[in-house]
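Could you walk me through this protein model, one region after another? I have the sequence and the coordinates open and would like a guided tour.

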Amino acid sequence: MDALVGSTACLVRVESTEGSAPREAGAWMAVFADHIVGTIGGGHLELQAIAEARRRLGGAPGAAQGQPPMRFALGPALGQCCGGVVYLGFELLTAADLAPAAGLRARLSPHLHPLALFGGGHVGHALARVLAPLPFALTWIDSRDGIFPSPTPDGVVCEHSDPVQQAVPHLAPGSRVLIMSFSHAEDLDVVAACLRRQREQRDLPFIGLIGSKTKWATFSNRLHGRGFAQDELAQVTCPIGIPGIEGKEPEVIAVSVAAQLLQTLQEAA
């Protein structure tokens, strides 16, 4: 977003789509005289949009503000076979519009879904890097000091909590939760705290625990001993990640878990 600060630009935004399209409504790019920030996708569609944006930047007739979106059919005329239709809005932005205080960052930022990541180990570090550019507001929690990297990935909020499970009642409503602390005892306490919150609020749409089926069998017995019923235990996903991706490397696990989280967004839509 910092790349938006500068001279005059033309904001190109996907206003709506029909049928198959390369990007969803809300996708945008800012076209400057000598560079571009963001993307609306679509190959030749984007090339035509850039040309139209620069035509407007040059003061071409018909480039006034407030015009209705332009219609682009994704067919043979554009050299594409998607078959859908994209409606693009074009808005000229002055240097004042692009200043940090103008609120453009908030206007263009996508809706972010709260996500709590418990654990700053190797997989936690890999996940924080993978998740940072995705549509999640990530809070990264650990009971140990000095565990988070410096600098942290953009947009990631780091939180120290000892004992770590005390952070659970204070999570944002609707948080998805990933649990992968440095010890099974901490993991168990965080899972139990999540399940207690679910009893009262039922506002955690995903509770994911790293580990094997054997680990979950042991945890299930212990959680049952703490008074949790089978239907409550069924709210926990363990193992986590997309089935069929077997790699144990932190980066592989991180990509698999991030994909699973994105699936939960699709299922909730």
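**A guided tour of the model**

Proline 163 lies in the loop between S8 and S9, where helices (H or I, at least four residues) and strands (E, at least two) are DSSP runs, numbered from the N terminus. The peptide bond that leads from aspartate 162 into proline 163 is cis, with omega near 5 degrees. Before we go on, please keep in mind that this is a predicted model: local features need pLDDT of at least 70, side-chain atom pairs count only at pLDDT 80 or more, and totals for chains, interfaces and linings use all residues. Residues are numbered from 1 along each chain as its sequence is written, and side-chain values use heavy atoms, with hydrogens and water left out.

Another cis peptide bond joins serine 150 and proline 151, with omega about 0 degrees. Proline 151 sits in the loop between strand S7 (136-142) and strand S8 (157-160).

Let's turn to a sheet. Five strands make up an open, antiparallel sheet in the order S3-S2-S1-S5-S4; two strands pair if DSSP finds at least two bridges between them. At its edges are strand S3 (36-38) and strand S4 (70-73), each pairing on one side only. On average, neighbouring strands of this sheet are turned by 25 degrees against each other, direction ignored. S4 and strand S5 (residues 85-93) run antiparallel and are joined by four bridges, and phenylalanine 72 stands opposite valine 86 in S5. Helix H1 (residues 44-57) lies across strand S1 (9-18), strand S2 (28-31), S3, S4 and S5, and runs at about 30 degrees to S5. For such angles, axes are lines fitted to C-alpha atoms, for helices over the stretch in contact, and angles run from 0 to 180 degrees between N-to-C directions; contact means heavy atoms within 4.5 Å.

Next comes the largest nonpolar core, which has 26 residues; Phe118, Ile179, Cys194, Leu195, Leu209, Trp216 and Leu223 touch the most other members. A nonpolar core is a set of buried Ala, Val, Leu, Ile, Met, Phe, Trp, Tyr and Cys residues joined through side-chain atoms within 4.5 Å. Two or more residues each come from strand S6 (113-118), S9, H4, strand S10 (206-209) and helix H5 (213-225). H4 gives the largest share of this core, seven residues. Apart from it lies another core, of 21 residues, among them Val156, Met180, Leu261 and Leu265.

Within H4 we find valine 191. Is this valine 191 buried or exposed? Valine 191 counts as buried because its relative accessible area is 0%, and buried means under 20% relative accessible area, exposed over 50%, partly exposed in between (1.4 Å probe, protein chains only). Leaving aside neighbours within four places in sequence, valine 191 is in contact with Ile179, Leu209, Leu223 and Val236.

With a relative accessible area of 15%, serine 181 is buried. Its side chain reaches the backbone oxygen of serine 183 at 2.8 Å. A polar contact of 2.8 Å also joins the side chains of serine 181 and aspartate 187; a polar contact is a pair of N or O atoms within 3.5 Å, and within protein one must be able to donate a hydrogen and the other to accept it, while residues adjacent in sequence count only if both atoms are side-chain atoms.

Our last stop is arginine 202, in the loop between H4 and S10. Arginine 202 has a positive phi of about 50 degrees although it is not a glycine, and at 61% relative accessibility it counts as exposed.
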